[in-house]
Amino acid sequence: MSNSITASRKLAVSVVVWQIGIALVSAALFWLWSPGAAAAALFGGAVIAVPTAWFALAVLVRGAAKMPRKMPGVFYRAEATKLILMAFGFVLGALWFGNRFAPLILTAMACLAVNWGMLAAGRKT
């Protein structure tokens, strides 16, 4: 059981690190357009990476200490909190970067693609 928890923690850290990396690269590319676009791109990456890190922390660190029968509740609460944080982040992003929303949303989409990329890379065929 501890090996699967360790592997899950490594995967969660990898996802968050990749999301942060994509946000930084995206911000560097959008800097060529304007510093405001780069800031919007960084914020878009944070809108995805911060809730993802929250979810991993809630499930894998705090949830690991729970009894197995309580894990579904821990998982669902963490996912609901993650979705609320993302929604709040997009609202803030629209308010703060409304005129530069494209870099924000494009970076967020790229960061979300990490989840699918990790799933595909870890798939055994």
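Contact is taken to mean heavy atoms within 4.5 Å. On this basis, residues 24 or more positions apart account for 72% of the contacts in the chain with a separation of 6 or more. The structure is a predicted model, in which local features require pLDDT of at least 70 and side-chain atom pairs count only at pLDDT 80 or more, while totals for chains, interfaces and linings use all residues. Residues are numbered from 1 along each chain as its sequence is written, and side-chain values use heavy atoms, with hydrogens and water left out.

The chain contains four helices and zero strands, where helices (H or I, at least four residues) and strands (E, at least two) are DSSP runs numbered from the N terminus. The order of elements from the N terminus is α-α-α-α. Of the 125 residues in the chain, 34% are buried; buried denotes under 20% relative accessible area, exposed over 50%, and partly exposed in between (1.4 Å probe, protein chains only). The accessible surface of the chain is about 7,900 Å², and 74% of this belongs to carbon and sulfur atoms. Accessible areas come from the Shrake-Rupley method with a 1.4 Å probe, and for residues only the protein chains shown count as cover.

Helix α1 (residues 2-31) includes S26, which counts as buried at 10% relative accessibility. Apart from neighbours within four places in sequence, S26 is in contact with A41 and T107. T107 is one of the buried residues of α4, among them also P103, C111 and M118. Helix α4 (residues 101-122) has 22 residues and spans 32 Å from its first C-alpha to its last, close to the 32 Å expected at 1.5 Å a residue. The expected span of a helix is 1.5 Å times one less than its number of residues.

Helix α3 has 26 residues and reaches 37 Å between its first and last C-alpha, close to the 38 Å expected at 1.5 Å a residue. The buried residues of α3 are V74, A78, K82, M86, G89, L92 and G93. The structure holds one salt bridge, defined as a side-chain nitrogen of Lys or Arg within 4 Å of a carboxyl oxygen of Asp or Glu. The salt bridge joins K82 to E79, with the closest N and O atoms 3.9 Å apart. Both residues lie in helix α3, three residues apart, about one turn of the helix. K82 is buried, at a relative accessible area of 13%, whereas E79 is partly exposed at 24%. K82 also lies over the face of F55, at 5.3 Å from the ring centre; the criterion is NZ of Lys or CZ of Arg within 6 Å of the ring centre and within 35 degrees of the ring normal.

Five aromatic pairs are found in a search of the whole structure. Rings of Phe, Tyr and Trp (its six-membered ring) pair if their centres lie within 6.5 Å, with planes under 30 degrees apart counted as stacked, over 60 as edge-to-face and the rest as tilted. The ring centres of F30 and W33 are 6.1 Å apart and the planes stand at 40°, so this pair is tilted. F30 is buried at 17% relative accessibility, while W33 is exposed at 59%. The rings of F43 and F97 have centres 5.6 Å apart and planes at 45°, so this pair is also tilted. F43 is buried at 19% relative accessibility, and F97 is buried at 17%. Ring pairs link F43, W96 and F97 into a cluster.
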